[in-house]
Amino acid sequence: MADREMNDAAPAQLALASTAGAAVDSDVPSRRRFSLPLRRAPRRRRFSLLTRRDKLVLALMVGIPLAFDLVFIWLPCFATMGLSFTDWKGYGAINFVGLEEYEKVWSYPFFEPALIHNAIWLAWLACIATPLGILVAVILDGNLRGSRVYQTIFYLPVVLSLAVIGLIWQLLYAPDVGNGFINSFLDALGQMPISLPLPDMSHTDWLGDGNINLFACLVAASWRHVGYICILYLAGLKSVDPQLREAAAIDGATSRQTFFRVVFPVMRPINVIIVVITAIEALRAFDIVYIVNRGRNGLELLSALVTNNALSEANRVGFGSAIAVVLLLISIIPIVTFLVWQAREDLE
Amino acid sequence: MTRTPRKAARAAETAVPHRRRRHRHVGTYAFIILMAILWIFPLIWTIYASLRTNQDTTLHGYFSLPSGLTLDNYIDAWNGAEIPRAYLNTLVITIPSVIVALLVSSMVAFALTRFKWRFNIPLLMIFVAGNLLPQQVFIIPLSKMFLWSGFFVPAPLSDTGLLFNQLFGIILINVIFQMGFCIFVLSNYMKTLPKELVEAAQVDGAGVFRIWAGVIMPLCRPALAAMATLEFTFIYNDFFWALFLMKDGDRRPITSFLQNLNGMYYSDYSLLAAGAFLAVIPTLIVFFLLQRYFVSGLTLGSVKG
Amino acid sequence: MADNDKSPGLLTGGQVTRREVLKKGLVAGAGLTVLPTVIAACGSTAATAEPTQAPGATPTPVPSQGALSGNVSLGSNLSDAVPKKALQDAIDLFTTANPDVNVKINTVDHSTFQDTITNYLQSTPDDTLTWFSGYRMRAFVSQGLFTPMDDVWANISSNYTDAYKTACTADDGKMYMVPWATYAWTVYYRKDVWADKGYAIPTTLDEMKTLAAKMKADGLVPIGLGDKDGWPAMGHFDIINLRENGYQFHVDLMAGKVKWTDPAVKKVFTVWKDLLPFYESGSAGRVWQDAAKNLVAKRTGMMLQPQVAETFTAAGDADYAQLAMFPWPHHGTEWDAEEALDAPIDGFMISANSPTLAADLANAKALMQHLSTGEAQGLAAKANPANIACANDTDTSGYTDLQKAQVAVLAKAQKLTQFLDRDTKPEFAGPNGMQAFLIDFLQKPDQDLDSFLGKIQTFWDSLD
């Protein structure tokens, strides 16, 4: 108690402030509330309610986690950037080689496919999975019988690990008839008396064929992504002021018009978050592809290339770091977008 | 204009009588029912496959009506694949991680939102961005750090002095990595708490730590409950850290342990299905019991007050 | 599945698979003494020259039985039940003779062990560990991650042919590994199916093609393949290359001394292309175990994959009794006489960075010596009939017919290789490397071979 800056003066100052007619606005930071009326401009005395001990505690509260964050995330992040300019093999000397590793990445036969696949992943999530999630959320919003049941069904994949999701979908995608569900089903369809004029796809190598396995994995990833988006969007929808909708309905708007002209614009914060999450999930794609075939032959992704090169027996650390930097540069776009938006919101 | 979670809940409750009953087309119902069936099907199929007998599937394949159902696959997976051990590892990793992550994050969120400082926003951004980075961007130096950390990790936490291949190491990186998200959500939540509370407590002479523990934390209970549910799921489901920061098979948590299962029981789909299902049971339990917390946790971050 | 993407260790009895195995007999050691004098793990200059057999410094006498005490740790990639048990049996024998020694086995699943091997060896490895011969051994030795064991070899050298000695010698002339088990990459088939359809073992490539065509007409899949893990196809490449261009060419190709754009390599792929119509379709999405199941189920005619023996063992005695094999046929080139084939050797090594090594070194060496004996290896071969032991004095009287056949094939071979992904750089042979290239070829055999091989060569050149 002895080290309080404001001790007995506090009540007096409060009284001063109120008698001086200073506005006690609850939104004004507490410091200003207690500022004395100006007697000698320009100096304004501010009193803080924080003792020195408090400040220390606060510094520790933020400082220690910050230190860990910097050491275990940001330091390695910058170290990756640094290592990308070396040809280090995980042991021995670290030689600075400039952009040599980046040149190797550029001519790496699996780099271009990886970029394309990451782009396809993003495009799929953005154009198919996320809109589907929004659609489901819109449908589940409002009075739908059994809405809770549907919600549970769509949310379930979100709580499953991607490793498990990969396993589950492999049971469906196994190529031999009698093992995998999809091919067995197609085979059974083909053997029905009424033969549909469709090509026989019952021997499709869903996970092995480089032309289609990316899409097979995307379906598995969407299984989870749709539920994720649905949760977020549904919550946002439920928090939209119903009066807005009623007003639109009174004005004679159809439900589609109501959604696009009234609800959607109002959901701006959610929309931003959805966009950012979609982008980040696309860049984070790793687990499913790794589980299926480690990320090769149609499933190359930047993330898998990093680990296959730098964290395997091969240990091409410099090279892998260069790929990681490419991934980082691409990721910066959604991250910075989000941070800027968030900062603007905070400053408002 | 969005509302705080509490207001939104109240609005949703009262919305029904006020909202005009919208006519739901048959088409909408048909669509959503079809979608729901498609969505639940993979899980149903997995359970079905896990209940098949080896004989049955060898003779008739998996796409067949069962000639007898059995729990043998679960028993085999449980015994043969050392699943109890993996469960234990997972619990040892997940529960402390969740607790520490939430404690630390709430402290940081408290400090950054309740006290005005020039660097609040940049700091917040540093934390949040740390969680938005793809893990592959910094795993390489991180794994090296873990391998060379041999100078400061005391005995009970590590049996080799390194962070590598230690449960403690996994706990550490999980806590740090999840901090960003937790801080983000909790700070959004704390901003909705009235400022007067803190000030009143300060005027009463409480130190910041006491304020945090006695005033803020109890008020954040809904958010903490939600975050706990969410973080439990995230950390439980994490596959990446243990894959590259651990080597011993018997120390791995259950998700990366599934890789083991995959390797050992290749093409025995029934056993794999049983193992996969055993692996997800804890998250399913948490989900079904605490679904509303799970949902509100995800939305706390996005639905701002 | 991603977990299966390295070539199998013998110690796992082939790649991660199900472990139900019969107890069969031991291998005839006699056959092994006739093994060729030069086995080389390709890719090294030293190994292909006359084996510089340096027993090393004056051999430290290994402590007599019973005099040892303390601990020793063993890192093992034998994650599957059967090879794990095989190892345990051998270890139990050791601890019975040395009751004061505590042997701790740390088992990690097979592919994780390989993936994390570099980190593992550099940080805190166990005193001893399982590993493979070939380039992979020599590369790590040159990084100083293993301890030589010339003194152990001084005691056991008479128990091994020169071929094994060479395989265990690194570029500096010292010996770093004791062999444990090996197996031969030959073509497997079901006797009953072949007898039923009247098939005869092909001795030339043309005969094989004719046979395959006949099998196809009979409704069988002629040549089975499950290449989801990426490595099974390498066995096919290896054997065709060995037949077409010979052992030395193959070794040089693995070492990068010969370019992939060499017309001889193009010949290999052209020959292979002719066979591809007879291969099981959709191999990239099928794990080899499923392909093996097709062989058990009489849907496939033959499979170039030794690990099918495990699947047959799992299927039961009746099926296992029908399993037989023959070496890949001759191509009509001068290299047929070499009778070369892949015969990967798995063994044990002593690490260099183990924190307890100084204290445990004597125990480690004694353990190595013990595991190199026929007695220990015989137990393993008994437990896992897909493999055969390496030591000369192994009691092979109890070997199964298949094991005896393996011994015979290996005895006849003049040259042995270690398998593509052990004979060359791991970054070249890995998932984003030869695995991917070979799958690409299997899926698009009609692509322009020149540009395909150019891609591979460019990739090799980019690795330093």
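This is a predicted model: local features need pLDDT of at least 70, side-chain atom pairs count only at pLDDT 80 or more; totals for chains, interfaces and linings use all residues.
Colleague: In which order do the four strands of the open sheet in chain C stand?
Modeller: The sheet is open and its pairing is mixed. Strand 8 (221–224) and strand 10 (323–326) of chain C stand at the edges with a single partner strand each, so one side of each is left without a neighbour in the sheet. Neighbouring strands are turned by 25 degrees against each other on average, direction ignored. The order is 8-9-7-10.

Colleague: Which residue is the bridge partner of V187(C) in strand 9 of chain C?
Modeller: Strand 7 (residues 187–190) and strand 9 (residues 300–304) of chain C pair in the antiparallel sense, over three bridges. In strand 9 of chain C, the partner of V187(C) is L304(C).

Colleague: What angle does the direction of helix 14 of chain C make with that of strand 10 of chain C?
Modeller: Helix 13 (residues 288–296) of chain C packs on the sheet, where it touches strand 7 and strand 9 of chain C, and its direction makes about 135 degrees with that of strand 9. Helix 14 (residues 308–315) of chain C also packs on the sheet, touching strand 7, strand 9 and strand 10 of chain C. For helix 14 and strand 10 of chain C, the angle is about 165 degrees.

Colleague: Why is strand 6 of chain C described as largely enclosed by the rest of the structure?
Modeller: The criterion for a buried residue is a relative accessible area under 20%. Strand 6 (residues 177–182) of chain C is largely enclosed because, of its six residues, the number buried is six.

Colleague: Which residue stands opposite A181(C) in strand 13 of chain C?
Modeller: Strand 6 of chain C runs antiparallel to strand 12 (residues 345–351) of chain C, joined by five bridges, and there P179(C) has G347(C) as its bridge partner. Two bridges join strand 6 to strand 13 (residues 388–389) of chain C, again antiparallel. In strand 13 of chain C, the residue opposite A181(C) is A389(C).

Colleague: What area is buried between chain A and chain B?
Modeller: In this interface, 116 residues of chain A are in contact with 112 residues of chain B. Carbon and sulfur atoms give 74% of the buried area. The total is about 10,500 Å².

Colleague: Which helix of chain A gives the most residues to the side that touches chain B?
Modeller: Between chain A and chain B there are zero salt bridges, while 10 residue pairs are in polar contact, both residues at pLDDT 80 or more. With 19 residues, the element that gives the most to this side of chain A is helix 3 (residues 52–83).

Key: Residues are numbered from 1 along each chain as its sequence is written. Chains are lettered from A and ligands numbered from 1 in the order in which they are written. Side-chain values use heavy atoms; hydrogens and water are left out. Two strands pair if DSSP finds at least two bridges between them. Axes are lines fitted to C-alpha atoms, for helices over the stretch in contact, and angles run from 0 to 180 degrees between N-to-C directions. Contact means heavy atoms within 4.5 Å. Buried means under 20% relative accessible area, exposed over 50%, partly exposed in between (1.4 Å probe, protein chains only). Buried area is the accessible area (1.4 Å probe) that two parts lose on being put together, summed over both. A salt bridge is a side-chain nitrogen of Lys or Arg within 4 Å of a carboxyl oxygen of Asp or Glu. A polar contact is a pair of N or O atoms within 3.5 Å; within protein, one must be able to donate a hydrogen and the other to accept it, and residues adjacent in sequence count only if both atoms are side-chain atoms.
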